[in-house]
Every structure is written in C-alpha cells, then in structure tokens.
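Subject: Structure for you to look through

Dear colleague,

My notes on what was found in it follow below.

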Amino acid sequence: MQLSLSSPAAGGIGRARFGVLAMIFIVTVLNYADRATVGVAGPVLSKELGIDAVQMGFIFSAFSWSYVLGQLPGGWLLDKFGAKQVYAWSILLWSLFTMLQGSVHHMGMDQMLFGLPLAVSALFLMRLMVGLAESPSFPANGRMVAAWFPVKERGTASAIFNSAQYFATVLFAPIMAWIVHAIGWSEVFYFMGGLGIVMSVVWMRTMHNSPADHPTITRAERDHIEAGGALLAGSAGGAGKAASGPKLGYLKQLLGNRMLMGVYIAQYCVNVLTYFFLTWFPIYLVKERGMSLLNAGIVAALPAICGFAGGVLGGVISDWLLRRGHSLTFARKVPIVVGMLLSTSMIACNYVGIEAVVVGIMALAFFGKGLGALGWAVVSDTSPKEIAGLSGALFNTFGNVAGIVTPIVIGYIVQTTHSFNGALVFVGAHALVAVLSYLLIVGEIKRVELKPV
C-alpha cells in the first residue's frame, strides 16, 4: 500500500501543501489538548473545589454549549474573511481563556453565583468562552484541506489533521498529569494557554488561505491541486456567494439532504466516543480502576497512540481504495464501518478486572474510533463549493451536540449507579448507531449542488 502524500510523484511537484497540513495538525493538537485540560486536572480539581460527578459533567459540557452555538457564525466568518485571519484570532482567544481557568481557585468558595460556589461558576464560564473561541477551528481545517488537497489525497490529509486529537493525548496527557502531580492543577492551564498564544503568532506569519495566496508554491503543484478537484475558487475570504451572509435557503437545502443528515447523525455518535475519552476517561481510570493520577496520565496515552495510528490508517486505506478504482462511497464507508464496529469493544471492559486487559480493550476501541473518523473527509467531498465553511460548521454543530449531552449523561449515570458500567454501554452503543447511519441513511457520497435562492 502506497501513501499518496509521500509518494515521489507527489513530492516532485512541490510540498507547500504538506507544510499547510503540518500547521493544521499542530494547532489541532493544541486545540484538543486545551479541551482535555479539565479532564486531566479533574480528579484533583474536583476534590479541591468540592465538585460532585453531576457538577463535573456540566463543567465538561460547558465547552460544547458555546462551541455548538458558535459553529454557524464561525462558518460564515470563514467564508467571508478566510481561514488565516479567523483561525489566528481563534487560537489567541481560546488560549487566553484557557489561562484564565487556572485562576479560578483564587475566587472564594463561600461566595455563590448561579447557586454554585463562585470558583465553580467561573470555571464553567471560562469553559464556555474556550468553546466559543474554538468554534471556527474544525470548519477551518476542513475548508483548508478542501482548498489545498485534491480528492485522492484528501482522505489521508483529513485523517492526519483529525488524528491530532489522539496525538494531543499521547503528547500532553503525561505532561499535564506530571504538572498536576508535581506543581499543581492551575499550572496546567497557564502552560497550555501560553503555548497557544505563541502558536497564534506563528500561524499568522506562516499560513495562507489557498494556493493562490502562497508566495512560493510551484505552478506544477498548483495545477496538481486544482486538477484533482480542490476547491480553489471561493477558498479565499469573501470570494464565495456566502460572503454577504448565511442564507436560510442554503441551510434548508443542507438539512433537507438525506445523505448529509445521515453523515450528521453518524458524526454525533462518533463524537460521543470523542468526548468520553476527552472528559471522563482519566477519571474512569482513577476512580473506577484505582490508578494514581500520574499513572492514569501515562496509561491514557497508550490507547491514544492506537487512536492516532487508526486515524492515519483510515485515511490511507480510504485513499488507497480510491486509487484502486473503487467508488468514493465505498472508499469512505469501509474504514468508518469497520472502525466503529471495533469501538463497540469498550463495553467488554465491564466484564474484565485485569488492568492490563482493560487498557488493551480501550486501545482497540480507540484504534477503531480513529479508523472510522473520516467525517471531515466526507465533508470535503460533499460540501457545496459556495458555502464550504458554512457546510462544515453545520456538520460540526451536529457532531458537537454530543459534547453537551455525553459528559452530563455520564455524570448522572456515575452519580446514580456509582459505577462506569452503564456509561461504557452508553458510549459503545453510539458506535453501533454510527454504523447503521452510514449503511442505511447516507447512501451515495457525492458533492451537493445548491439550487439558487
């Protein structure tokens, strides 16, 4: 099997698009590491601030409330101003609010706001602001991959940036766990926020919205990108029809499309798994499996390594199937269906008492989740050319409703049953629903053509 992104033919025409992909990968690693800060600090933070499981579930979900609400406005901003400027401000703002989370312990626990201690309420509000600031990030990722990569490289490119969520755990979970253990939980937020502020400057100085804006791209590479079906037209801010503002008629067409609705439902289910691993998984290891926080941070990295491998492999397999002459529908669905079926294996942890076996099962589930996480490649394949940012934002809106529901539901399950058994069944069942959605609802995967409005 040959990886198209590193083949001699691909490299010989120029490598500017690979630099763009590398930057998208790096900022997405920071994106997911910042989302996971509360999960890693959670066991110590919740004890110090007196937060129970239900309250912790709401704090975990706070990010997604504003993240979801910000999707459509963020998508419109991307279509109007382009990814470079919008993404730079996004990185800067989410990093500032990440740093501010580290200061909530200075607020009085005896003062109340919204019926909760002031420190707890402030943490909830800061998580809301992080979510709002991050809302344009993944639509921008999908938009830039659609602009910079031809169709037969897009599955691998999308899988690589999406696999950053696993690499974030591999790289930062042990670092953050050590910081909490050796220094304190507040310093985790200061450290991650500081890294993000530096990255916002680097992004502005190095990134370009499309090949048309890049000062050193070769003509051969630009022709290769454009001939392969990349969305060069409308990739710069203000070029598309959506620049004057989002049109209700466009949204109705997207929501009325059966194929897209199947993709949206499946993405919601996939993200149920994502948010379990981002929020409750470290706490599961500490409270259900009796690990120390430091060990949990290290152990959490092991399944994430498998998730990263699965994420890259899913894109490689999909693009390989395309090059072998299979349809786009078959090439995208095979890794998704196989991966989600593997993810259901996490339910088996309820019947296992050996720690190493539990970690192995979670690693398999994480690998499957990575293998099947091709939703953003499907978005790049199906989004109308005029509203690529808005289309990606709508997809991300559906997907990240799971970030609201999942932490809260798991919090209530754990609080009520004093066990994570029901939580694992809840999460694993969603992987099966994702499979059914792609097999029974999605149908043929193809680009949506908008009707005039």
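A residue is called buried when its relative accessible area is under 20%, exposed when it is over 50%, and partly exposed in between, using a 1.4 Å probe and protein chains only. By that rule Val337 is buried, because its relative accessible area is 14%, and its place is in helix H15 (residues 328-343), where helices are DSSP runs of H or I with at least four residues, numbered from the N terminus.

Before going on, please keep in mind that this is a predicted model, in which local features need pLDDT of at least 70 and side-chain atom pairs count only at pLDDT 80 or more, while totals for chains, interfaces and linings use all residues. Residues are numbered from 1 along each chain as its sequence is written, and side-chain values use heavy atoms, with hydrogens and water left out.

Salt bridges

A salt bridge here is a side-chain nitrogen of Lys or Arg within 4 Å of a carboxyl oxygen of Asp or Glu, and the structure holds 6 of them.

In one of these, Glu153 pairs with Arg17, with the closest N and O atoms 3.0 Å apart. Glu153 belongs to helix H8 (residues 151-162) and Arg17 to helix H2 (residues 16-49), so this pair ties together parts that are 136 residues apart in sequence. Both Glu153 and Arg17 are buried.

Another salt bridge joins Arg35 to Glu134, where the closest N and O atoms are also 3.0 Å apart. Since Arg35 lies in helix H2 and Glu134 in helix H6, the pair ties together parts that are 99 residues apart in sequence; Arg35 and Glu134 are both buried.

The nonpolar patch

On the surface, Leu341, Leu432, Leu436, Leu439 and Leu440 form a nonpolar patch with about 480 Å² of accessible area together. Such a patch is made of residues with over 30% relative accessible area and no salt bridge, its nonpolar side chains (Val, Leu, Ile, Met, Phe, Trp, Tyr) being joined within 5 Å, whereas like charges are joined within 9 Å; the areas come from the Shrake-Rupley method with a 1.4 Å probe, and for residues only the protein chains shown count as cover. Helix H19 (residues 421-442) gives the most to this patch, with 4 residues. Leu436 has its place in helix H19, and Leu436 counts as partly exposed because its relative accessible area is 41%.

Most residues other than glycine have a negative phi. What is the phi of His418, which is not a glycine? The value is positive, about 55°. His418 lies in the loop between helix H18 (388-417) and H19, and His418 counts as exposed because its relative accessibility is 69%.

With best wishes

Technical notes. Helix = DSSP H or I, 4+ residues; strand = E, 2+ residues; numbered from the N terminus.
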